[in-house]
Amino acid sequence: MGKDFVLAMDQGTTSSRSIVFDATGGIRASVSQEYDQLYPQPGWVEHNPEAIWESQIATARAAILQAGLSPHDIAAIGITNQRETTVVWDKTSGRPVFNAIVWQCRRTSGLCAQLKQEGLESEVRQRTGLVLDAYFSGTKLRWILDHVDGARALAEEGGLCFGTVDSWLLYKLCGIHATDYSNASRTLLFNIHHLDWDDTLLGALKIPRAMLPEVKPSSFIYGITKVFGPEIPVAALCGDQQSALFGQAAFAPGECKNTYGTGCFLLMNTGERPVASHHGLLTTIAWGLDGKVEYALEGSVFIGGAVVQWLRDEMHLIDSAAQSETVAAEVEDNGGVYVVPAFVGLGAPHWNMSARGTITGLTRGSGRAHVVRAALESISFQSADVIRCMEAELKSRIPVLKVDGGAARNNLLMQHQADVLGAPVLRGQTTETTALGAAFLAGLAAGIWKEKNELRDIWREERRFVPQWNINRREAAVSGWRAAINRTIA
Ligand code: ADP
């Protein structure tokens, strides 16, 4: 059968992972390795770019071995990555001039506030689909240019390269300086309508164009790497959330996925139309493929699976995350109890950063199981709120919700999600959806698969949760949740 394997490199915030997929989408090997998180000051987060590279390449070599293959068997490499994290390196030596500034890092929030005062926010929103926040790469890059000796002068001469983590890995693999549309759309510097770096924003942020990567489709032969010995094409780059959307085969407008991790990340495909949000959702490029780009709406829930960790570590109501399901199942319903985990405020559609958590509806009969159940339900209620916003923007109801991430293993939670949404929830057989998306994109460029519809057959349902509530029950539950939210905000 020969070269029908794809190596997906999934470079995440806390670990690097490499997975070898076969042509049926099956996982042949998976190896991951954690690397150091650097916290130089409260609120600041950095990674050593060389540690990112070394952990990534070590897992790649190990995964090929674990699969019982040789590098000759790998037809293509696809890269998916933690988004927005910013690396700057010297074009001549290839050495980073500073640590990678991680997406979580808040060091530029003051600069963002200043730029907002200067009136840049609406320009940012209109041109990039994002909000002016320290999360995205642009102000992180500006910080490096302002704080590293000689960086700005060198950048202006074209002596420095900026890249997100996909670019950095591509550079280490092939010596090429490029990125893809999905990653570019998270930088705060890329015009998602004109599909080019935006001169107005580059001017406002004082970023020299000479240091920016070339932007290419997500599924594309970027170059050939020889680091494994034989020549292997690097055939895809894609940001992690967009890659997960692709791995879920959510190819048509209206199709969407929710990843239930520490927080929840929801993305809805909006096809060739960039849909501007009225509810503070982000407009982002999903991928570049088949000679065009497609867009997505993105929303997140700050506290998703983290509420389960809170039940375990702070409230001591459960011993393990998985136990949340058995404890919640001890009662038939939440008994009128609602947990609103606004531990760090509330995101879309409420956008209230000063809100803090509440538990409402407690009676003499409320017990541990009610609180655990209500905490789980808060994950699905919050996710449904974001989906309802997306539906309002798109003016259509979602047909199904595809799910992945650690907390998607919880059947009770998934059933509640289906009940609250009134739409089926589909869990796929592959839990590694992010890596699968990168493998799909690379396999398409390398000719393992001819077109994306072939991939729909590879995506296999593991379990489908069908809504069981009638409309009255759903409305009653949702109005209970609304009342709890209103008390939280009041
Ligand atoms: P991340 O990538 O954000 O680290 P994961 O996808 O690994 O997250 O998911 C971990 C999160 O899912 C944790 O917050 C954990 O509390 C939650 N979780 C894991 N298993 C379950 C479960 N069976 N039920 C509910 N929550 C769970």
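Modeller: A polar contact is a pair of N or O atoms within 3.5 Å; within protein, one must be able to donate a hydrogen and the other to accept it, and residues adjacent in sequence count only if both atoms are side-chain atoms. This is a predicted model, in which local features need pLDDT of at least 70, side-chain atom pairs count only at pLDDT 80 or more, and totals for chains, interfaces and linings use all residues. Residues are numbered from 1 along each chain as its sequence is written, and side-chain values use heavy atoms, with hydrogens and water left out.

Biologist: Which residue has a polar side-chain atom 2.6 Å from an oxygen atom of the ligand?

Modeller: A backbone N or O atom of Ala407 lies 3.5 Å from a ligand oxygen atom. For Gly305, a polar backbone atom is 3.0 Å from an oxygen atom of the ligand. The side-chain atom at 2.6 Å belongs to Thr262.

Biologist: How much of the ligand's accessible area does the protein cover?

Modeller: Accessible areas come from the Shrake-Rupley method with a 1.4 Å probe; for residues, only the protein chains shown count as cover. On its own, the ligand has 580 Å², and the protein covers 68%.

Biologist: Is Phe302 buried or exposed, or partly exposed?

Modeller: Phe302 lies in the loop between β18 (292–301) and α10 (306–313), where helices (H or I, at least four residues) and strands (E, at least two) are DSSP runs, numbered from the N terminus. Buried means under 20% relative accessible area, exposed over 50%, and partly exposed in between (1.4 Å probe, protein chains only). Because its relative accessible area is 31%, Phe302 is partly exposed.
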